[in-house]
Amino acid sequence: MKGPMNNTVTSEEVNYLVFRYLQESGYVHSAFAFGYESHIVKSNIDGSQIPPGALLSFLQRGLSYVAIESTLSVRIELN
């Protein structure tokens with residue numbers, strides 16, 4: 001998530017996205033417990049740079065990419 005051309009995500013980044021999702025969805029206790037266990041407070045991630053709904057957006061883009069990739073592979077096989 002460090003830049004538009006980086007296609008890898010660290011476990012720390014995934015943990016932060018899950019933590020934020022829990023907070024944004026109103027799961028305050030779960031967010032607190034998850035944040036504590038995953039050491040989110042020790043993270044170097046600047047939360048102000050992460051837009052609301054980032055986890056869902058990230059997942060939706062990933063699913064779109066998989067669908068596009070699948071469509072392209074079918075078209076290549078047909079040719």
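The paragraphs below lead through the helices, their packing, the nonpolar core and several individual residues of this chain.

The structure is a predicted model, in which local features need a pLDDT of at least 70 and side-chain atom pairs count only at pLDDT 80 or more, while totals for chains, interfaces and linings use all residues. Residues are numbered from 1 along each chain as its sequence is written, and side-chain values use heavy atoms, with hydrogens and water left out.

The chain holds 3 helices and 0 strands, where helices (H or I, at least four residues) and strands (E, at least two) are DSSP runs numbered from the N terminus. Read from the N terminus on, the elements follow the order α-α-α. Of the 79 residues in the chain, 18% are buried, a term that stands for under 20% relative accessible area, with exposed meaning over 50% and partly exposed in between (1.4 Å probe, protein chains only). Among the contacts in the chain with a separation of 6 or more, 61% are between residues 24 or more positions apart, contact being defined as heavy atoms within 4.5 Å.

The packing of two of the helices can be followed in detail. Helix H1 (residues 11–24) packs against helix H2 (residues 28–37) at an angle of about 160°, and their axes are 8 Å apart; axes here are lines fitted to C-alpha atoms, for helices over the stretch in contact, and angles run from 0 to 180 degrees between N-to-C directions. H1 is therefore roughly antiparallel to H2, on a scale in which angles under 35 degrees count as roughly parallel, over 145 as roughly antiparallel, 65 to 115 as roughly perpendicular and the rest as oblique. On the H1 side the contact is made by Asn15, Val18, Phe19, Leu22 and Gln23, and on the H2 side by Ser30, Ala31, Phe34 and Gly35. These residues divide into 5 nonpolar, 4 polar and no charged, with Ala, Val, Leu, Ile, Met, Phe, Trp, Tyr, Cys and Pro counted as nonpolar, Asp, Glu, Lys and Arg as charged, and the others, Gly among them, as polar.

The largest nonpolar core has 9 residues in all, namely Tyr16, Leu17, Phe19, Leu22, Ala31, Ile40, Ile50, Ala54 and Leu55; such a core is a set of buried Ala, Val, Leu, Ile, Met, Phe, Trp, Tyr and Cys residues joined through side-chain atoms within 4.5 Å. H1 and helix H3 (54–78) each supply at least two residues of this core, and its largest share, 4 residues, comes from H1. Leaving aside neighbours within four places in sequence, Leu55 is in contact with Leu17, Val18 and Tyr21.

Tyr21, found in helix H1, is partly exposed with a relative accessible area of 30%, and beyond its neighbours within four places in sequence Tyr21 is in contact with Leu55 and Leu56. Tyr21 and Pro52, 31 residues apart in sequence, are 8.3 Å apart in space, C-alpha to C-alpha. Arg20 is also found in helix H1 and counts as buried at 13% relative accessibility; apart from its neighbours within four places in sequence, Arg20 is in contact with Gly47, Ile50, Pro51 and Pro52.

The loop between H2 and H3 remains to be considered. Ile40 is found in this loop and counts as buried, at 10% relative accessibility. With neighbours within four places in sequence left aside, Ile40 is in contact with Asn15, Tyr16, Phe19 and Gly35, and from C-alpha to C-alpha Ile40 and Tyr16 are 6.5 Å apart, although 24 residues separate them in sequence. His39, placed in the loop between H2 and H3, is partly exposed with a relative accessible area of 45%, and its phi is near 60°, a positive value in a residue other than glycine. Most residues other than glycine have a negative phi. Asn44, likewise found in the loop between H2 and H3, counts as exposed at 76% relative accessibility, and its C-alpha is 9.6 Å from that of Glu13, 31 residues away in sequence.
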